[in-house]
Amino acid sequence: SQQGEEDPQALSIQEGENATMNCSYKTSINNLQWYRQNSGRGLVHLILIRSNEREKHSGRLRVTLDTSKKSSSLLITASRAADTASYFCATDARRDDKIIFGKGTRLHILP
Amino acid sequence: KAGVTQTPRYLIKTRGQQVTLSCSPISGHRSVSWYQQTPGQGLQFLFEYFSETQRNKGNFPGRFSGRQFSNSRSEMNVSTLELGDSALYLCASSLRGLNTEAFFGQGTRLTVV
């Protein structure tokens, strides 16, 4: 079963609005990462947040991590057309260090 | 510096054949991991190599194998191809391993007919 599950599966918003995606996971983790994938291409690393961190920022990105709820959120502020992509969270479980990706959120920014 | 290079980009094979995919990591990166991406199963971890040794392995049958060379380049082999092996195969390199920032290649799109 998937360790990470993103929510929603798909999201369409107007350019300029903020986009929020959530990721839930099942077991204790070392860290959680967010990646972006443009259609059919490789993944681009966005941000890594460690299990002892609660919030991290990178440009227009803000990631939060709540280990008590086993969940993370990715906020993209002031969205742009170029943000249209699929976003994945990836966790590495403490028990075996394997990386598990969620099925992703497909984000579509409307002009 | 050059990114992660995967070859070939596209491949069409027939059921029963075998295939070898190649990945050249970023210079200095010793960890190479492989993933299979399909619409139904999403991104699934295949295995990770670090300094020529397989360090982690996902839940794939033995038909899927890999290796890493002394220059950190890695190859992935799939034998006795099945239709369900059609997927985008992604390779990622990182300095120290799975729980650090990984840089992905563009992938190899494998179609099994």
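Me: Two strands pair if DSSP finds at least two bridges between them, a strand being a DSSP run (E) of at least two residues, numbered from the N terminus. How many bridges join strand β3 to strand β8 of chain B?

Reply: This is a predicted model, in which local features need pLDDT of at least 70, side-chain atom pairs count only at pLDDT 80 or more, and totals for chains, interfaces and linings use all residues; side-chain values use heavy atoms, without hydrogens and water. Residues are numbered from 1 along each chain as its sequence is written, and chains are lettered from A and ligands numbered from 1 in the order written. Residues 19-24 (β3) and 74-78 (β8) of chain B run antiparallel, and Thr20(B) has Asn77(B) as its bridge partner. The number of bridges joining these strands is 5.

Me: Which strands stand at the edges of the open sheet in chain B?

Reply: The sheet has 4 strands in the order β1-β3-β8-β7, with antiparallel pairing. Two of these strands each have a single partner, so one side of each lacks a neighbour in the sheet. They are β1 (5-7) and β7 (64-68).

Me: How much area do chain A and chain B bury between them?

Reply: The contact (heavy atoms within 4.5 Å) takes 21 residues from chain A and 20 residues from chain B. Buried area is the accessible area (1.4 Å probe) lost when two parts are put together, summed over both. Carbon and sulfur atoms carry 49% of a total of about 1,600 Å².

Me: How many salt bridges are counted between chain A and chain B?

Reply: A salt bridge requires a side-chain nitrogen of Lys or Arg within 4 Å of a carboxyl oxygen of Asp or Glu. Between chain A and chain B, the count is 0.
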